[in-house]
Amino acid sequence: MPFEEKRTWILGVAAVVSYAIYLVVVLIRARHDALTMVAYVWPLLWAVAGSIAASIVATIVVSLTSRDRDRKDQRDREIDRAGAQVGNAFVVLGAVAALLLALAGGDRFWIANVIYLGFTLSAVVGAVAKIVAYRRGLWPW
């Protein structure tokens with residue numbers, strides 16, 4: 001497995017795990033209150049920071065054990081570009097949804113969570129697209 005594919009797995013898994021932990025924390029806090037009353041800011045920030053830190057540490061560990069860590073060929077660049085394009089669509093969708101919520105007077109809780117969900121979906125769907133491209137090749141379009 002190429003180093004860039006390993007790195008993609010790391011980023012995708014870190015995004016899923018950190019978001020799942022965030023959801024568990026928020027839902028546990030919401031047992032006795034409405035979701036919009038939950039203190040979500042620090043768990044969200046910790047989830048994002050934890051995902052970044054875990055990705056960095058895991059990438060360092062994998063790069064120390066990989067022989068091809070310095071090699072990034074044209075195929076890797078094309079796969080990265082294609083996966084980023086797929087993932088970026090979810091950042092845009094999350095931003096549009098958050099904008100609509102803000103314009104409709106939605107609660108900050110929902111706006112922040114829609115944005116975070118958009119970032120998470122971007123990372124996960126982009127990672128899945130890259131992994132599929134590594135395994136099956138780039139799609140023709």
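This is a predicted model: local features need pLDDT of at least 70, side-chain atom pairs count only at pLDDT 80 or more; totals for chains, interfaces and linings use all residues.
Tyr 19, Tyr 22 and Tyr 116 come together in one aromatic cluster.

## Overall build

The protein contains four helices and zero strands, and its pattern along the sequence reads α-α-α-α. Its C-alpha atoms fill a box of roughly 50 × 35 × 20 Å along the principal axes. Of the 141 residues in the protein, 33% are buried. Among contacts between residues at least 6 apart in sequence, 78% join residues at least 24 apart.

## Aromatic pairs

How many aromatic pairs does the count come to? The count comes to five aromatic pairs. In one of them, the ring centres of Tyr 19 and Tyr 116 are 5.0 Å apart and the ring planes stand at 55°, so this pair is tilted. Because Tyr 19 lies in helix 1 and Tyr 116 in helix 4, the pair ties together parts that are 97 residues apart in sequence. Tyr 19 counts as buried, at 13% relative accessibility, and Tyr 116 also counts as buried, at 6% relative accessibility.

The rings of Tyr 40 and Phe 109 have centres 5.2 Å apart and planes at 90°, so this pair is edge-to-face. Tyr 40 belongs to the loop between helix 1 and helix 2, whereas Phe 109 belongs to helix 4, so the pair ties together parts that are 69 residues apart in sequence. Both Tyr 40 and Phe 109 are buried. Beyond its neighbours within four places in sequence, Phe 109 is in contact with Val 26, Leu 35, Thr 36 and Tyr 40.

## The largest nonpolar core

In soluble globular proteins, nonpolar side chains tend to be buried together. Which residues make up the largest nonpolar core of this model? The core has 10 residues in all: Tyr 19, Tyr 22, Val 26, Ala 30, Val 38, Tyr 40, Leu 44, Ala 47, Phe 109 and Tyr 116. Helix 1, helix 2 (41-65) and helix 4 (108-136) are the elements that give two or more residues to this core. Helix 1 gives the most, with three residues.

## Residues of helix 4

Three further residues of helix 4 are Thr 120, Lys 130 and Ile 131.

| Residue | Relative accessibility | Class |
|---|---|---|
| Thr 120 | 9% | buried |
| Lys 130 | 15% | buried |
| Ile 131 | 12% | buried |

Why does Lys 130 count as buried? Its relative accessibility is 15%, and buried means under 20%.

The contacts named next leave out residues up to four places away in sequence. Thr 120 touches Ala 15 and Tyr 19; Tyr 19 is also a member of the aromatic cluster with Tyr 22 and Tyr 116. Lys 130 touches Thr 8, Ile 79, Asp 80, Gly 83 and Ala 84. Ile 131 touches Glu 5, Thr 8 and Trp 9.

Lys 130 and Thr 65 are 65 residues apart along the chain, and their C-alpha atoms are separated by 22 Å. For Ile 131 and Ala 30, which are 101 residues apart in sequence, the C-alpha to C-alpha distance is 36 Å. Leu 100 and Val 114 are 14 residues apart along the chain, with their C-alpha atoms separated by 11 Å.

## Surface and exposed residues

Is Leu 100 buried or exposed? Leu 100, which is placed in helix 3 (residues 74-103), is exposed, with a relative accessible area of 54%.

A nonpolar patch on the surface is formed by Met 1, Trp 9, Val 13, Val 17 and Ile 21. Together these residues have about 490 Å² of accessible area. One of them, Val 13, is found in helix 1 (residues 3-29) and counts as partly exposed, at 45% relative accessibility.

Methods
Residues are numbered from 1 along each chain as its sequence is written. Side-chain values use heavy atoms; hydrogens and water are left out. Patches are made of residues with over 30% relative accessible area and no salt bridge: like charges are joined within 9 Å, nonpolar side chains (Val, Leu, Ile, Met, Phe, Trp, Tyr) within 5 Å. Accessible areas come from the Shrake-Rupley method with a 1.4 Å probe; for residues, only the protein chains shown count as cover. A salt bridge is a side-chain nitrogen of Lys or Arg within 4 Å of a carboxyl oxygen of Asp or Glu. Buried means under 20% relative accessible area, exposed over 50%, partly exposed in between (1.4 Å probe, protein chains only). A nonpolar core is a set of buried Ala, Val, Leu, Ile, Met, Phe, Trp, Tyr and Cys residues joined through side-chain atoms within 4.5 Å. Contact means heavy atoms within 4.5 Å. Rings of Phe, Tyr and Trp (its six-membered ring) pair if their centres lie within 6.5 Å; planes under 30 degrees apart count as stacked, over 60 as edge-to-face and the rest as tilted.
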